[in-house]
Structures are given as C-alpha cells and as structure tokens.
Amino acid sequence: MLAVVYARVSTEEQAERGSSLEDQVATCERHARSLGATDVEVHRDVASGSVLQRPGLDALRDRVARGGVDLFVCFDPDRLARNLSHQLLLTEEFERARVSLEFVNFEWKNTPEGKLFYSLRGAIAEYEKEKIRERTTRGKVRRAQEKRLTHNPRTYGYRYCPQEKTLEVHPTAAAVVRQIFDWYVSEDVGCHGIVAKLNNMGIPSPQGVVWQRTTVRRILANTAYIGVMYLRRYDATGVKNSRRLPPAQRVRRRVRPKEEWIGVPVPPIVDLQTFEKAQERITFARRHHAGFSRAEYLLSGLVACGLCGSTLHGNLSTAHGTKRRYYVCTARSPGKANLPRCHLPFIPAGLLESIVWEGVMGWLRDPGALERDILQGTREMAGPLENALQGVKVQIEDCAEQRNRLVELYQRGLVTVEEVERRLRSLVAFLSALLARRVELEEKLARITLTTQDVNDFRAMATHILNYLEALDFDERLNIVRKLVTSVTASPDVVIVEARLSGSGEAKIGPPSSKRRERGLYAGPVPAQIPD
C-alpha cells in the first residue's frame, strides 16, 4: 500500500513556535505504517497555509492524479490548508482519486457528521489565521507610529540592523546611489544611460545581476534617500508570494490615501535639493514621452490646465466631414476619479500652438538674450560637475588611505591574508570605477566650456533656423519646442509659457486675426543642438 505524507510549516511558525518539518514527517510516517502502508512518499512545504499553489503540495496533487496512491496522511487539517475552501477542494480531489484521508491529530470520518466537523475545524483554522494576521498588522502599525521599522525593506544603499530594527548607510552602495542622482540631475543622463554606465562599470545591481531601467527609476523616486521611508503605502488584497500564480489570482496592490502613510526617519543619502530636482525631471520626462496620437500635436505632453492643473491631451473631432484638432483637459473628458468635472473649454490646437511657436521664434530672433542665457546655464552646469569631480578626488584619496590602513593591520597581525585579499579586491574594483569617473567628469567639464567660437556657432545656428523656417517639418518644429519649452499652462483667456530656466511669459487667447497682448515671453538656454 502506497501512502503520501504532507508536512508544512510557515516561516512565522518556525520563528515563533519552533515547529519542525521533520517532527511532522516522522509522526506521519509512523501513523501511515501503523495503518499498513508499505511505501511512503513525503512532500514538504515551507509556505503560508493561505496559499493553494505550493511546490510540495503541487507535486503531491500531481502524484495523486497519476494514480496508485492509497492513503494520504497529514498531521492536522490546518497543515493541509488554512483556508476552508482550499481544504474542501483538496479533500474532494483526493476522494475522487479514491485516496483515504488520515490526520494524525484529527479523526477524519467520511460521513455527513464527520464532514461537518471537518468543515467546522477548517472554518476555525481560517478564523485563527485572520486573527493572527490582524494582531500582526496592529503590531506593525504601532511600531511604525513609534517611528520604528516593521521589517527589512531591503532598500539599496542601506544595511538592516535586525536587533535595533533600524537602517544604517552602506558606504559603497550609498556612493552608487549618489552617483545615480548626480548623473540624472547634474549631467542630464537618462535612466537608460545610467543603466548602461553602471553595467559597463561592472557595478552589481541590488539583485546582484545587471541593472534595469525600472531599478534606477525606483531609486530616483524613493524618499528614503532624503531621510523618510514611508510604510503602509499599499493595501494588498489577494494572495501573497503570487508570481507563480495565474494573472487572475495575483496580488493587486491598492495605493492607500497619502494621509494613511507612516513616515519613519532613516539616515539620508542625498540632499533635498538634489532629490527635488530629480522629481522635477522625472515629471518632465514622463510628460514629454506621452503616447503617440492619430493627429500631430506640437505641444503633446507639455500643456496643463490653468483651472485644475490636469494634463491637456489632443482630441480630434469630426463635424460635417471636417476634422478639427483641440486640446482638452483630462478632468473634463474623459474625466478623473475623485475630481469634479473641469469647465475649461476645448482649445483649438492651431491657435494654442501658434501662440507658443511665435514665442519660440521671438527667442530665436534675439541671439543676444539666448547668448546670455547660455552663459548662465553653462555656469550652473559647471558648478555641480566641479563639485562632483572634487568629491571623486576625495574618494580616491580615501581609497589610498584605506589601502595603507589595511597593510598596517596585516603587518600587526590583526587580519589574515585571505581577509586582506578579499578587501583589496573590493577596494581595487571601487578605485577603478572612481578613476574612470574622474576622467569622465574632466572630459565633460572641458566640453561645456563656452568659447567665443561656440557663441558664434550658436548665432549662426539660430540664423540658419530662421532662414529655413518655412521648410521645417513637424518633427523638427516639435524638437525645437521641446528643447526650449518646459511647460505650457492654458486658461480660458491666458497662456503661460515656462522656459528651461527662470523665464516665463503669457499671452491672451483670441481669434487669429485679433491683436494679442504678449508680455515678456522669455526662454532659457538651449541644452542640446537644434537640428539644422
């Protein structure tokens, strides 16, 4: 007679109760053999009882489905499953395969009364599981309100101290985090460029493999790096550890209202100003990479509503056989949840685009103003680069000091040869990355130095664009607008254009033939080449 034995513990029970898989297996095997089993197959799981998909249980079910199994033995019904519906499903599945069920700690009877009692036991086990989860959740909330971490967040750049339940800065990883922010904010390197740099330098990712864009994006948006880690941001419903499950059964995380988040202080790694600049650039990049449309919209991803602050999107309307382009507030059409419907009128796309385009042409017609802005932008760009270069030089000197200290410790017999070799390998890898970084920064500083020839070239470029203005296609005009314009805010009667630096301007909306009032339309420097 063949018997299959199933044993399960959860990680929480291992830690809190000291339950042992092997104790369950030994007890179940003895029970199976006392019932006449000559062969015993054992299946184990270390997983939550609320999850139906478990490796050991899946293998057991497959074995039962193949046939030849006479007896199923488990220590207790709640070892099989914590959820009543799961217990009943598995019981019915085993009975259809003509497998007898036996529980060491529970007398199973295949009678109406026995099934009722079994169902009651399952309901009680499910109730106990929910009570445990409720108490655990309350304890975590209390610890979070006391400004203590409730778990290891596994945040790159930090080490978790389980005794104190705090984070401390990991020097090497924190240096990588600062480098990511520096590239993104000071050197205008995008997420894809940062990923390429990190992988080329051989720096391991948080997962120990290659870097991905999503990893860099999460780092740039994580408030922990400015000293605040938010707990209870998400409310998960469904089953945990569900990557192996079908999509319909996976966890769906709902973002809680921000007032329910609990901030816990942690050591900062980057300064607030750098973090805020990164968030501004993330927002700017997201809006500039808006999806493609059936019609061409020169200001796609740039326009915001002056009444409610929502994004304006393109809308192609057909009336009497004629197609017309408009910019429409998303809070008006299709509407946004938890927001009243916006009353901003549909704005004709041609009219709004002509206002902004005339402002851009005004900037290009005044090369003197653009020249001053380029010089100002160059100074603002050079400052962070010089600071970063100085920081890299300090780190290179620190590496040399660490090497000397390591040699001194070895000479005094305080560390072994193996420890010295291990630390030196790590130190040499970090030093190589720093030296490559120093060369890169020095080359960038040399490139942004503005010479008289650069100024003359820019004047010639502006003149070239104006000479061929009528020949520019849509993509070239779109590129020029996105190089010069940060955002456009449209109200019922005023359009506000914000440029790359501090300048802004506004213009009255009116019929194309009417006289519009313009006040100080102004743009900052052009950070990249304009197509010629």
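**Rings, helices and loops**

Me: Which residues do ring pairs link into a cluster?
Reply: The model is predicted, and local features need pLDDT of at least 70, side-chain atom pairs count only at pLDDT 80 or more, while totals for chains, interfaces and linings use all residues. Residues are numbered from 1 along each chain as its sequence is written, and side-chain values use heavy atoms, with hydrogens and water left out. Rings of Phe, Tyr and Trp (its six-membered ring) pair if their centres lie within 6.5 Å; planes under 30 degrees apart count as stacked, over 60 as edge-to-face and the rest as tilted. The cluster linked by ring pairs consists of Y158, F181, Y225 and F275.

Me: How many helices and strands are in the chain?
Reply: Helices (H or I, at least four residues) and strands (E, at least two) are DSSP runs, numbered from the N terminus. In the chain, the counts are 15 helices and 18 strands.

Me: What is the angle between the planes of F181 and Y225?
Reply: The structure holds nine aromatic pairs. One of them joins F181 and Y225, with 6.3 Å centre to centre. F181 belongs to helix α7 and Y225 to the loop between α9 (213-221) and β7 (228-231), 44 residues apart. The pair is edge-to-face, the angle between the planes being 70°.

Me: Are F181 and Y225 buried or exposed?
Reply: Buried means under 20% relative accessible area, exposed over 50%, and partly exposed in between (1.4 Å probe, protein chains only). By this scheme, F181 and Y225 are buried.

Me: How many residues apart in sequence are the parts that Y297 and Y327 tie together?
Reply: Y297 and Y327 form an edge-to-face aromatic pair, 5.5 Å centre to centre and with 70° between the planes. Y297 lies in the loop between α10 (272-288) and β11 (303-305), whereas Y327 lies in strand β13 (residues 322-329). Both Y297 and Y327 are buried. The sequence separation of the parts that this pair ties together is therefore 30 residues.

Me: What orientation do α7 and α8 have to each other?
Reply: Axes are lines fitted to C-alpha atoms, for helices over the stretch in contact, and angles run from 0 to 180 degrees between N-to-C directions. The axes of α7 (residues 171-186) and α8 (residues 191-200) come within 10 Å and cross at roughly 140°. Angles under 35 degrees count as roughly parallel, over 145 as roughly antiparallel, 65 to 115 as roughly perpendicular and the rest as oblique. The orientation of α7 and α8 to each other is therefore oblique.

Me: How many charged residues are in the contact of α7 with α8?
Reply: Contact means heavy atoms within 4.5 Å. V176, I180, W183 and Y184 in α7 meet C191, I194, K197 and L198 in α8. These residues divide into seven nonpolar and no polar, and the number of charged residues is one. Ala, Val, Leu, Ile, Met, Phe, Trp, Tyr, Cys and Pro count as nonpolar, Asp, Glu, Lys and Arg as charged, and the others, Gly among them, as polar, and the charged count is one.

Me: How many charged residues are in the contact of α3 with α5?
Reply: Helix α3 (residues 55-66) and helix α5 (residues 84-96) pack at an angle of about 25°, with their axes 10 Å apart. The angle makes α3 roughly parallel to α5. L57, L60, R61 and V64 in α3 meet L89, L90, E93 and F94 in α5. Among the contact residues six are nonpolar and no residue is polar, while the charged ones number two.

Me: Which residues does P204 touch, not counting residues up to four places away in sequence?
Reply: P204 lies in the loop between α8 and α9. P204 is exposed, with a relative accessible area of 52%. A173 is 31 residues from P204 in sequence and 9.5 Å from it in space, C-alpha to C-alpha. With residues up to four places away not counted, P204 touches Y156, V209 and W211.

Me: What is the relative accessible area of R154?
Reply: R154 is in the loop between α6 (112-145) and β5 (158-161). Phi of R154 is near 55°, a positive value in a residue other than glycine. R154 counts as exposed, at a relative accessible area of 72%.

Me: What is the omega of the peptide bond from S333 to P334?
Reply: P334 is found in the loop between β13 and β14 (347-348). The peptide bond from S333 to P334 is cis, and its omega is near 10°.
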